[in-house]
Amino acid sequence: MEKVIINYIAGDKKGQISVDQYTELTFLAELVVPENKKDFIAATVDGKLREMNYFLENNSEVEFIGIDTTIGFDIYKRGLTLLMMKAFGDVLSGRPDYDIYVMYSLGKGYFCRISDNIELTDELIESVKNRMKELVREDIPIDKRSISSEEARVKFASMGLREKVKLLNYRRVSRINLYNLAGYYDYYYGYMPSSTGYLKAFDLVRYDDGFVLVVPNRKDLDAPILYEAPEKLYRVLRKGEDWGGMMEINCVGDINRVITEGGINDLMLVQEALMEKEIADIAQQIIKEDKRVVLIAGPSSSGKTTFSHRLSIQLRAHGMHPHPIAMDNFFKERSETPRDEDGNFDFECLEAMDLDLFGSKISELLLGKEVDMPRFDFNLGKKVYNGDKLRLNEGDVLVCEGIHALNPKMSETLPDDAKFKIYISALNMLNVDEHNRIATTDGRLLRRIIRDARTRGNDARRTISMWPSVRRGEERNIFPYQEEADVMFNSSLIYELSAIKQYAEPLLFAVPRDCEEFLEANRLLKFLDYFLGFETSNVPQTSIIREFIGGGCFDI
């Protein structure tokens, strides 16, 4: 048989090997990293992402993708979902028709729900979990088959998967990929593991009226899996779920239907009205509890700036006088800023903040003193004072916004009874279909790509390249404190992905094919292809989405 030459990278291991033509990637991994072949769940072949059952036809450059990478772990989680669906089907074989919905990310897992005609018990969850473990031990192949979109519609209709049928009604492709796990067929957005043997770590636990598919620590699959649901986050997610149900929008097919039927403006106005009412309720709570310092934190592109403006308007409408405080003005001098492991300035760590100065300035304001407020000059790398004087009078409230706002150390010198803490994030409530959820981080990344191009001159490639560092900072500095908030606010708009599609696509298409950011740009383009777009001139000027696409009344 003809031989091909493969240059490979597998973690820290690099080399060249000659193998038979049409060698499968799984076999190549067994040859070059036999001791940990199951740690690599996919690979790029000449820059293109491939599943491990891909056959090598030509001389190629192969880089294996570990489960511990972002791309690899997404594939792992997708495989867990398919594994769970297959296990439920086996355990409930012969039972009445039922539906399982993967609803949203809840901490380190996916909150799921099963239809009411199935009694959800501890025994059922344990049986499904045991069946999942059996399937993993059997290392069953996960096969992919291309079928026509029409054939898929018929198949999904027969399986009762209505949201998948809705999705396909608006797909322009003639064929789709169907995955088969031992007779269970499903469609997934994104690539899959080539077999169940990769999926060795998970848990399944009951929670509220559903259950959570718990994912492991991606850096250490052997570490014990201890799950604790974030209760405040769950409550705000349930509220978003209720909003979607009220508007009869649960999946991408629903929003596409509304657009084609000409109802997008009404939907948009209802969503914005619901959001404005919630902001008004938060303002009333602040006033009722007589809070003087509002602390707002949230991850990148959550809409903190627009939210703080809209909250300030509501406070003014209730007779208060809000003063915005940007915590970025309390950075330490550049010479005192810590550096990260790469030797770069680490502006995201708490140690980069002048905690003493922030605490003393806010404390003096609460005591009724006139204070000279700093402004951080990022070009000079130091704080400057331009005579910005501030004094709090009766009815005044400070609205402080920054990534460390909820960290107790940031405001430990302030009296607890003066503080009102708000966590804001874009918690996407729209799913592709029953089993394919839309990651909150995807929505935020698309927001940031658009805003960075519009306001900072960054192309999509640069924004994508910076995103892993941004995410690490969020994991370290923001997410651990979200449950400390007095209220959580969901800034995601049910129509926003359809609105930003037309802004994001040209930026993503501009990412060069020969750079490492192309894989992520291409993934996002395929994702946006699920959505119909619409003309955005009627998006209200006060909408949070205006912070990203422009044209808002709060634009500076």
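Buried means under 20% relative accessible area. The views below show a predicted model.

**View 1. Cysteines C251 and C515 in the predicted model are buried.** C251 has a relative accessible area of 0%, so it falls under the 20% cut-off. For C515 the relative accessible area is 8%, which also puts this residue in the buried class.

View 2. The structure as a whole holds zero disulfides.

**View 3. Helix α8 runs from residue 264 to residue 288.** Its 25 residues, at 1.5 Å a residue, should span 36 Å. Just after α8, D290 adopts a positive phi of about 55 degrees.

**View 4. Helices α2 (residues 70-91) and α3 (residues 122-138) pack against each other.** The angle between them is about 115 degrees, and their axes are 8 Å apart. The crossing of α2 and α3 is right-handed. On the α2 side, the contact is made by L80, L83, M84, K86, A87, F88, D90 and V91. On the α3 side, L124, I125, S127, V128, R131, M132, L135 and V136 take part. By class, the residues of this contact comprise 12 nonpolar, one polar and three charged.

Note on methods: Residues numbered from 1 in each chain as written. Predicted model: local features only at pLDDT ≥ 70, side-chain atom pairs only at ≥ 80, totals over all residues. Heavy atoms only, no water. Disulfide = S-S within 2.5 Å. Buried < 20%, exposed > 50% of the residue type's maximum accessible area, 1.4 Å probe, protein only. Helix = DSSP H or I, 4+ residues; strand = E, 2+ residues; numbered from the N terminus. Expected span 1.5 Å × (residues − 1). Axes fitted to C-alpha atoms, helices over the stretch in contact; angles between N-to-C directions. Left-handed = near helix turned anticlockwise from the far one by under 90°. Contact = heavy atoms within 4.5 Å. Nonpolar A, V, L, I, M, F, W, Y, C, P; charged D, E, K, R; others polar.
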